[in-house]
Amino acid sequence: MNTDLANRLQEVLLNGRWIANTNFKEQITSVTWQQATQKVGNLNTIALLTFHINYYLKGLNQVFNGGILDIKDKYSFDMPEISSENHWNQLVQEFLSNAEKFIQHVQALDETTLNQAFVKEEYGSYHRNIEAQIEHSYYHLGQISLLKKLIIQDQNQ
């Protein structure tokens, strides 16, 4: 089960194309910092959605490393300003690093741990939280893909 979950995370975050014909890495490494921060109407930016998923990956990795779960939904969009290619590249590299670490943690889980409560009983099992991260990532990957298409279409007009 852990291998299946790790493979699904790999698929959405780093190098898959089976479900969405793309993945986070492909999308976020193929835009400039200006594209990543460009607003489309009142929608979130590509950079903000990348920060958002990275926020959760970072927080979950902290738990896997023996730390506490201290992430809060209300802070998951509190991204520092990105005002240069360097800032964008730092976020992308942090995202990719946290994605790789998270996948490694999931790969290392045993069946017993997968069925145990994640931090608190009320949060459900490790398995449920990993599945939630997969679903959450696909949800925002779809948004990023659409935003990128709209931005490129706008630039070509």
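**Packing and contacts in a predicted helical model**

H52 is in contact (heavy atoms within 4.5 Å) with S76, F77, H136 and H140, leaving aside its neighbours within four places in sequence. The model is predicted, and local features need pLDDT of at least 70, side-chain atom pairs count only at pLDDT 80 or more, and totals for chains, interfaces and linings use all residues. Residues are numbered from 1 along each chain as its sequence is written, and side-chain values use heavy atoms, with hydrogens and water left out.

H52 is placed in helix 4. Helices here are DSSP runs of H or I with at least four residues, strands are runs of E with at least two, and both are numbered from the N terminus. The relative accessible area of H52 is 4%, so H52 is buried. Buried means under 20% relative accessible area, exposed means over 50%, and partly exposed lies in between, with a 1.4 Å probe and protein chains only. The side chains of H52 and S76 are joined by a polar contact of 3.1 Å. A polar contact is a pair of N or O atoms within 3.5 Å; within protein, one must be able to donate a hydrogen and the other to accept it, and residues adjacent in sequence count only if both atoms are side-chain atoms.

T45 sits in the loop between helix 3 (33–37) and helix 4 (46–64). T45 has a relative accessible area of 8% and is therefore buried. The side chain of T45 reaches the backbone nitrogen of L48 at 3.0 Å. Not counting residues up to four places away in sequence, T45 touches A36, T37, Q38, K39 and L147.

W33 belongs to helix 3. Residues up to four places away in sequence aside, W33 touches I82, S83, S84, E85 and W88. Between W33 and N54 there are 17 Å in space, C-alpha to C-alpha, and the two are 21 residues apart in sequence.

Two helix pairs were then examined. Two packed helices are described by the angle between their axes and the distance between the axes. Axes are lines fitted to C-alpha atoms, for helices over the stretch in contact, and angles run from 0 to 180 degrees between N-to-C directions.

Angles under 35 degrees count as roughly parallel, over 145 as roughly antiparallel, 65 to 115 as roughly perpendicular, and the rest as oblique. The crossing of helix 4 past helix 5 is left-handed. A crossing is left-handed if the near helix is turned anticlockwise from the far one by less than a right angle, and right-handed if clockwise. On the helix 4 side, the contact is made by I46, A47, T50, F51, I53, N54, L57, K58, L60, N61 and F64. Helix 5 supplies W88, L91, E94, F95, N98, A99, K101, F102 and H105. By class, this contact of helix 4 with helix 5 has 12 nonpolar, five polar and three charged residues. Ala, Val, Leu, Ile, Met, Phe, Trp, Tyr, Cys and Pro count as nonpolar, Asp, Glu, Lys and Arg as charged, and the others, Gly among them, as polar.

The other pair is helix 1 (residues 2–15) and helix 7 (residues 126–155), which pack at an angle of about 15 degrees with their axes 10 Å apart. Helix 1 is therefore roughly parallel to helix 7. Helix 1 passes helix 7 in a left-handed crossing. From helix 1, the residues L5, R8, L9, E11, V12 and L13 take part. They meet H127, I130, E131, Q133, I134, S137, Y138 and L141 of helix 7. The contact of helix 1 with helix 7 comprises eight nonpolar, three polar and three charged residues.

R8 lies in helix 1. With a relative accessible area of 36%, R8 is partly exposed. R8 touches E131 and I134, not counting residues up to four places away in sequence. The side chains of R8 and E131 are joined by a polar contact of 2.6 Å. R8 and E131 are 123 residues apart in sequence but 9.0 Å apart in space, C-alpha to C-alpha.

Two loop residues have positive phi values. N21 is not a glycine, yet its phi is about 60 degrees. N21 is in the loop between helix 1 and helix 2 (24–28). Its relative accessibility is 48%, so N21 counts as partly exposed. V119, also a residue other than glycine, has a positive phi near 65 degrees. V119 occupies the loop between helix 6 (111–114) and helix 7. V119 is partly exposed, with a relative accessible area of 44%.
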